[in-house]
Amino acid sequence: GSLQSQGSIPVVSISQEDGQRLKELLKQGKVEVTVKVETQEDASQNVVATKQGGEKIIIVGGHYDTIELGPGANDNASGTSAMLTVAQELSRRSLKHTIRFIAFGSEEIGLVGSRNYVQSLSQEEQKRIIAMINLDGLAAGRNLGVGGEPALASQAMDLAYMLNLRAVQSREPANTASDHFSFLRASIPSIFIFGSDFSRFHTPEDTIDFVDKELLGHAAQLTLALIEALDTQ
């Protein structure tokens, strides 16, 4: 488990197996538990590439870290691979706005990379960002979900309908957080494009065998179409 921000009440997480064991022991009476917590500091970084244009900025982002337990094929090699595909395609096009591609570090431990990136921007720089498109967990499920800032999500859905893509406007899955939240907190219009099936995330089954190539392609198509539409503004 991870927290988006430091809480006032001390919190630790345990495995489901340990939780079930505690429930069984509680049926027999009072249970005393000792928890040993060790902290560790590790280095992390965001990887940023910019296609220079005008004053207005469009950000395409996705985190590149995963958890120790999961191979991370969908969470989030899918998002970073789609971002790289979009970057490769846009490298051949002439655009009016500046496009910034960001692979965020340390998303899995509390959106640390994206939070620090937004905090590093001045108010003037934040106002230059007209949209942030977050690609995370794209390629599992029957369709793409599109959530986030309503007007931007609605614009993306209009494009998905025109292109006949497998996408529905949706709330983010419960008990999840991703890097677009860091931008929404700063009042930057942001959307989250994700796959509808999160069941294998953070498990050993998050492998390439469960990556839907068509859905992954639809995510890249939708991102490209949205950038093209925003570039006319």
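Author: Let's start with the term itself: a salt bridge here is a side-chain nitrogen of Lys or Arg within 4 Å of a carboxyl oxygen of Asp or Glu. Keep in mind that this is a predicted model, where local features need pLDDT of at least 70 and side-chain atom pairs count only at pLDDT 80 or more, while totals for chains, interfaces and linings use all residues. Residues are numbered from 1 along each chain as its sequence is written, and side-chain values use heavy atoms, with hydrogens and water left out.

Searching the whole structure turns up ten salt bridges. One of them pairs K36 with E38, whose closest N and O atoms sit 3.6 Å apart. Both of these residues, K36 and E38, are exposed (that's over 50% relative accessible area; buried is under 20% and partly exposed lies in between, using a 1.4 Å probe and protein chains only).

Then there's R128 with E55, at 3.4 Å between the closest N and O atoms. This pair ties together distant parts of the chain, 73 residues apart: R128 belongs to helix α4 (residues 123-128), and E55 to the loop between β1 (47-51) and β2 (57-63). Helices (H or I, at least four residues) and strands (E, at least two) are DSSP runs, numbered from the N terminus. R128 has a relative accessible area of 23%, so it's partly exposed, whereas E55 is exposed at 56%.

While we're in helix α4, have a look at Q126, which lies there too. Q126 has 12% relative accessibility, so it counts as buried. Setting aside residues up to four places away in sequence, Q126 touches V118, L121, A186 and I188, where contact means heavy atoms within 4.5 Å.

Back to the charged pairs. D197 bridges to R200, with 3.7 Å between the closest N and O atoms. D197 is partly exposed because its relative accessibility is 24%, and R200 is partly exposed too, at 26%.

On a 1 Å grid over the protein atoms alone, a cavity is a set of points where a 1.4 Å probe fits but cannot get out, a pocket is an open set with protein on both sides within 12 Å along at least five of seven lines, and lining residues have an atom within 4 Å of a point. Grid points are joined across faces, edges and corners, and a volume is the space filled by probe spheres set on the points.

That rule gives one cavity of 30 Å³ or more, and the largest cavity holds about 40 Å³. D197 and R200 turn up again in its lining, along with N74, A140, F201, E205, D206 and F210. By class, that lining has three nonpolar, one polar and four charged residues (Ala, Val, Leu, Ile, Met, Phe, Trp, Tyr, Cys and Pro count as nonpolar, Asp, Glu, Lys and Arg as charged, and the others, Gly among them, as polar).

V211 is in the loop between β7 (190-195) and α7 (213-230), and it counts as buried because its relative accessibility is 19%.
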